[in-house]
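Biologist: I am new to this one. Please walk me through it, starting with the ligand.

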Amino acid sequence: MSNLIPVNEPLLSGNEKKYLCECIDTGWISSEGPFVQRLEKEFAARVGRRFGVAVANGSLALDAAVKALDLVPGDEVIMPSFTIISCAAAIVRSGATPVLVDSEPDSWNMDLRQVEQKITPRTRAVMAVHIYGLPVDMDALLAITGPRGIKVIEDAAEMHGQTIRTRPCGSFGDISTFSFYPNKHVTTGEGGIIVTDDERLAERCRSLRNLCFMPQKRFVHEELGWNFRMSNLQAALGCAQLERLDSFIARKRNMGARYDSLLSDVKGLQRPVPSTAWAENIYWVYGLVLDDAFPFDAEEAMRRLSAKGIGCRPFFWPMHEQPVFRRMGLFAGESYPVAERLARRGFYVPSGLALSDEQMDRVAVAVREVFAP
Ligand SMILES: Cc1ncc(COP(=O)(O)O)c(C=O)c1O
């Protein structure tokens, strides 16, 4: 449908083209080019960290971050059931066991009381995942994990430019990760970054990203790594995007407020929480959750909206309901009612940076036609 409003469209109207042309003019297109180190340095500085390691995507950033912690079979990592599979996959691939908690019904973030309840002598880490624009209260989480010596992996994939109280997201974990997929506030097409203050963890991630080549003897390996390097072309995009992050966040907040006012009187639709005691929403995506009174679920709602030219996406599907993990014998008999409900009743409407006010108005008209006819 030519008139479709896409669920996301990135904004590439700054120095993106100029920096890409620089790559081509200089011949620097591989991961050895100067934009990669520049992005690592500038992004790490932006989130107040000493080291940045740019990688091929946010999922591999999680794989490397978990692997760098040297977990062993039997070690447990607590994480939310309501998230993307990359989080649990990284833990499973590392040989450790993911231990799930449910989410809060309003913020959609992991429930920290349940985190505390799930701690055992085998708990080695907590993977905190900030969901859809509102962050987990990391100060409260660190008060739980810190005294117990439990490591924190902070998945800030969706949280570029967000702060908790005054501190940037991505600055709390022993190791933190971001995604640069095109629906993120900073995109490199495909890409991600690991940030940390721990030089040893940063070096481990650099080595894992580059096939674990030995510095003294190339092509000799003591460990198996991967090639998930980021190219100079991708990093060039990222540097240009990062220059405008503050204006992107201001626009996203403005979009959140606009959708709020356009939809505030539509009954039975739960909208994102605008703020908590520790953060203001940056509306990475504008999610909606259907009240139980609606006689249809999110899938049907998206079908009806897409028939009106509105691109939508479903919410995450919980980890404990993933066939792949069930087949592995994980999470048998476990139930997380909030995550289950969000998956069945939640979806998001067009939220990309290139979305115009007029397009948002059209989305709101279509939402009204479907939910408040
Ligand atoms: C919370 C979270 N973690 C990890 C990822 C994975 O990032 P990528 O798509 O770059 O692999 C995403 C992607 O959207 C995400 O939302």
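Modeller: One term to begin with: a polar contact is a pair of N or O atoms within 3.5 Å. Keep in mind that this is a predicted model.

Biologist: How far is the polar side-chain atom of E158 from an oxygen atom of the ligand?

Modeller: 14 residues surround the ligand, and E158 is listed among the closest, with S59, D155, S179 and K184. The side chain of K184 has an N or O atom 2.7 Å from a ligand oxygen. For the polar side-chain atom of E158, the distance is 2.6 Å.

Biologist: Which residue in β13 is the bridge partner of L288?

Modeller: Strand β11 spans residues 286–290 and pairs with β13 in the antiparallel sense over 4 bridges. Strand β12, residues 313–314, also runs antiparallel to β13, joined by 2 bridges. There, P314 stands opposite F347. The partner of L288 is likewise F347.

Biologist: Which residues of β13 point the other way from G346 and Y348?

Modeller: In a regular strand, side chains alternate between the two faces of the sheet. Strand β13 covers residues 346–349, and all are buried. G346 and Y348 point one way; opposite them are F347 and V349.

Biologist: How many charged residues line the largest cavity?

Modeller: There are 4 cavities of 30 Å³ or more. The largest has a volume of about 50 Å³. Its lining includes D106, W108 and N281. By class it has 7 nonpolar residues, 3 polar, and charged: 1.

Key: Residues are numbered from 1 along each chain as its sequence is written. This is a predicted model: local features need pLDDT of at least 70, side-chain atom pairs count only at pLDDT 80 or more; totals for chains, interfaces and linings use all residues. Side-chain values use heavy atoms; hydrogens and water are left out. Buried means under 20% relative accessible area, exposed over 50%, partly exposed in between (1.4 Å probe, protein chains only). Two strands pair if DSSP finds at least two bridges between them. On a 1 Å grid over the protein atoms alone, a cavity is a set of points where a 1.4 Å probe fits but cannot get out, and a pocket is an open set with protein on both sides within 12 Å along at least five of seven lines; lining residues have an atom within 4 Å of a point. Grid points are joined across faces, edges and corners, and a volume is the space filled by probe spheres set on the points. Ala, Val, Leu, Ile, Met, Phe, Trp, Tyr, Cys and Pro count as nonpolar, Asp, Glu, Lys and Arg as charged, and the others, Gly among them, as polar. A residue is near a molecule or strand if one of its heavy atoms lies within 4 Å of it. A polar contact is a pair of N or O atoms within 3.5 Å; within protein, one must be able to donate a hydrogen and the other to accept it, and residues adjacent in sequence count only if both atoms are side-chain atoms.
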